[in-house]
Amino acid sequence: MSRKKVFLTRPDFHQSGIKLLEEKFDVQYNPEPHDVSKDYLLQHIKGADALFCIVTDKITKEVLDAAGPQLKVVATLSIGFDHIDVDECKKRGIQVCNAANPINVSAVAEFTVGLLLAVSRNIVKAAGAIQRGEWVQPWIKNFYVGRGLVNAVVGIVGMGRIGQAVLDRILPFGVSKVYYYDVLSPVSAADEKGAHSTTFDQLLKSSDYVVVTCNLTEDNRGMFDSKAFSMMKPNAVFVNTSRGGVVQQEALIDALKNNRIRAAAIDVTTPEPLPKDHELLTLPNVVVTPHIAAAEEIVWEIKSTLTAENIIAVLEGRKPPTPVY
């Protein structure tokens, strides 16, 4: 009896997961350590029982058609799953799994707070000031003076696992109030810690820091548009570690250029990678990082193992550890 086929879109996923799969299945993968091309994916996914992918892989109806009716599971190494046509998978009885786990959530949450502080306390700009030769006296009045979290109002858009983890990490800073907006409000776990559910508009109007940690859906795509930024305080700081698609990027650029908001710190953009000559990177009041909030050593090992365990469970007829639905 032939072994079931698992196709991996990259060869450089952490070996912890690959080894688990190789013990049980015929593992095949794109041999090049970069994003798999569409043509290669369509050709080599044929006959696969499982797909091990990552957020940069677009798993569309065309890909599912190419795989064939025996495909049972699409497992992504990411928490987000907007790159997968989930509705089409549901129609075909294909299980979709992500790699949500407590350590991954913690890594993204701590990076989110770090990114917030990096822009609000001018850490990145101040470090560059030394290299630019601007630090010419021991003490200079108003030299890269920033703003902290003490007595600040923080608004969190998306009070899921990551939103709650960000809440846990900002409360010890002495914030005065935390508002949150979530489509599933109220979130009892957040309420119990003192956070306040509110509308999206009210959150924007009230918050000194607007932190985005929601999943990207068709309902919230582009929700941060010109109107949203116009409702924010002029001294507000915008932080996004969710997906670039929740923001109309031109609207963000316009808000930053015209000082409608104070600053922004983002780990996600449109497109990705962002070209080095992109206008966003020319603005003095923004910190941009290359989608690395979850890039932590232990996290990568755990995510690879979890993705493999999801595949193994489905192919062996068991419930996977982290199903999307």
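Student: Which residues in H1 meet which residues in H12?

Tutor: This is a predicted model, in which local features need pLDDT of at least 70, side-chain atom pairs count only at pLDDT 80 or more, and totals for chains, interfaces and linings use all residues. Residues are numbered from 1 along each chain as its sequence is written, and side-chain values use heavy atoms, leaving out hydrogens and water. Helices are DSSP runs of H or I with at least four residues, strands are runs of E with at least two, and both are numbered from the N terminus; contact means heavy atoms within 4.5 Å. On the H1 side are Ser16, Gly17, Ile18, Leu20 and Leu21, and they meet Glu301, Ser304, Thr305, Ala308, Glu309, Ile311 and Ile312 in H12.

Student: At what angle do H1 and H12 pack?

Tutor: Axes are lines fitted to C-alpha atoms, for helices over the stretch in contact, and angles run from 0 to 180 degrees between N-to-C directions. The axes of H1 (residues 15–22) and H12 (residues 297–315) are 6 Å apart, and the packing angle is about 25 degrees. Angles under 35 degrees count as roughly parallel, so H1 and H12 are roughly parallel.

Student: Is asparagine 122 buried or exposed?

Tutor: Asparagine 122 lies in the loop between helix H5 (102–120) and helix H6 (123–131). Although not a glycine, asparagine 122 has a positive phi of about 60 degrees. Buried means under 20% relative accessible area and exposed over 50%, with partly exposed in between (1.4 Å probe, protein chains only). At a relative accessible area of 11%, asparagine 122 is buried.

How values were computed
Angles under 35 degrees count as roughly parallel, over 145 as roughly antiparallel, 65 to 115 as roughly perpendicular and the rest as oblique.
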